[in-house]
Amino acid sequence: MGRTAYGVVLVALLSAVGCGSGTARPHGPSPTPPGKAVPAASWPTYHGGNDRAGWVAAFPDPRRPTTAWSAKLDGAVYGQPIVAGGTAYVGTENDTVYALDPATGRQRWKRHLATPMPLSRLPCGNIDPLGITGTPAYDAATRTVFVATESTGARHTLVALNAGDGGIRFRENLDVAPGRDPKAEQQRGALAVAGGRVYVPFGGLDGDCGDYVGYVTASRTNGTGKVSSYAIPTSREGGMWAPSGPAVDAAGDVYVASGNGASLGGPYDGSDSVVRLSPDLSRRIGYFAPKNWGEENSEDQDLGSTGPLLLPGGKALIAGKTGDVYLLDTANLGGIGRQRASLPGCVSFGGMARAGSSAFLPCQNGVQRIDVSGDTLHRVWTASSSIVGSPVVGGNTVWTLDAKAGVLHALARSTGRPVASVNVGPASRFASPTLAGSLVLVPTMNGVVAVRAR
């Protein structure tokens, strides 16, 4: 689709929760360096930073958490709310973006962008209607909120919004996978902004129907130039569908995970993998795949049911449907079967988190803490089997959801012991909280619920 001319950049919004707007960088915000906690009231992308750590060291631990406010919106919220410049931004499945005051939930502006795609017009899937699913991302250099919409006709579009008033700066067509059926492609993973580019991943619908392939796009944050992309070199599938989306390291290299592909053996087809890409997506720098990738493909056992989590010291963690957790060397992902370490016992869906050398995984038998020491992985605790949501870490507390019961749980970071819980209502199985000031913002099937930690 065509682009509109860039508007005048507005002055940063005043803080509503004690956070400044930050200093604009000439090439957009650099990725959060692995090992550094996210500032307490800034959450501009999924899990706060492009390492996807989801860690706020100074966040208050709960005493008697209570609901601070609840905002009913015009559709379900699958992605995380993001927070920048004292405003929370939320996308709904009705293709609407809301700007909310994080302290009160008061609406500052809203922008309805398109008519979402009804499930009845798709070959399969489990979201109805299908609109904005992936977590938005904020660019400090241009003060722009980026979202990816799906609209009638199965059109996938990147929309750049003025953070101050919701004005549309430009739109860009993202249906760039050659020869594929846009109706079979789904945008579920979080967006990422780094080095003047915004990255958007694509996978298939629930059910793996139709002619799709996993791919990721890169667009310039200033609205110039062409969309670049990288597609998994398999004949079909290999979706990049994990909710956490791409991770980006301090050098700007992009890490994506892909699911099962069409090949069941023989020459490796690039699927069921973690891939490291150059910032412009023109080059695959390295990849990792389990040694039994063909068997996993035949059984729909995606490695890519979570996204890569970047760790200090040039390491990364990935977990998938088989139950194996892999520790990887980002400088040399190693190809097939060359992980640094592995640990069984965690079938994982969603996004992981990290605090220091401890990782927290959304395992289907309960959230787990796994400590990383050198090239070893050690399981420290496993939470209740009903608590399986994608976790984040604030202070000494792990915040996560029991989406089926509609309950937000606070767990002791050291032991996994339940500390507190608050009813928030029905949520997506992939929903993950946002930490902002002393509030926990929870995406639900009806909008957003804010919980005051204390």
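Me: In this predicted model, what makes strands β29 and β30 count as a pair?
Reply: Two strands pair if there are at least two bridges between them, and β29 (residues 392-394) is joined to β30 by three bridges in the antiparallel sense, so the two strands meet the cut-off of at least two bridges. Within this pairing, Val393 stands opposite Val398 in β30. The two strands form a hairpin with two residues between them, and Gly395 in the turn has a positive phi of about 60 degrees.

Me: How do you know that β30 pairs with β31?
Reply: Six bridges join β30 to β31 (residues 407-412), and these strands run antiparallel; the cut-off is at least two bridges, so they count as paired. Leu401 stands opposite Leu408 in β31, and the hairpin that β30 and β31 form has four residues between the strands, with Gly406 in the turn at a positive phi of about 70 degrees.

Me: Why is strand β30 called largely enclosed?
Reply: A residue is buried when its relative accessible area is under 20%, and six of the six residues of β30 (residues 397-402) are buried, so the strand is largely enclosed by the rest of the structure. Both faces are covered, with Thr397, Trp399 and Leu401 buried on one side and Val398, Thr400 and Asp402 buried on the other.

Me: Which residues lie closest to the centre of the second largest pocket, and what classes make up its lining?
Reply: The second largest pocket holds about 380 Å³ of space. Of its 24 lining residues, the closest to the centre are Arg188, Leu205, Asp206, Gly207 and Trp241. The lining has seven nonpolar, nine polar and eight charged residues, where Gly counts among the polar ones.

Definitions and conventions:
Residues are numbered from 1 along each chain as its sequence is written. This is a predicted model: local features need pLDDT of at least 70, side-chain atom pairs count only at pLDDT 80 or more; totals for chains, interfaces and linings use all residues. Side-chain values use heavy atoms; hydrogens and water are left out. Buried means under 20% relative accessible area, exposed over 50%, partly exposed in between (1.4 Å probe, protein chains only). On a 1 Å grid over the protein atoms alone, a cavity is a set of points where a 1.4 Å probe fits but cannot get out, and a pocket is an open set with protein on both sides within 12 Å along at least five of seven lines; lining residues have an atom within 4 Å of a point. Grid points are joined across faces, edges and corners, and a volume is the space filled by probe spheres set on the points.
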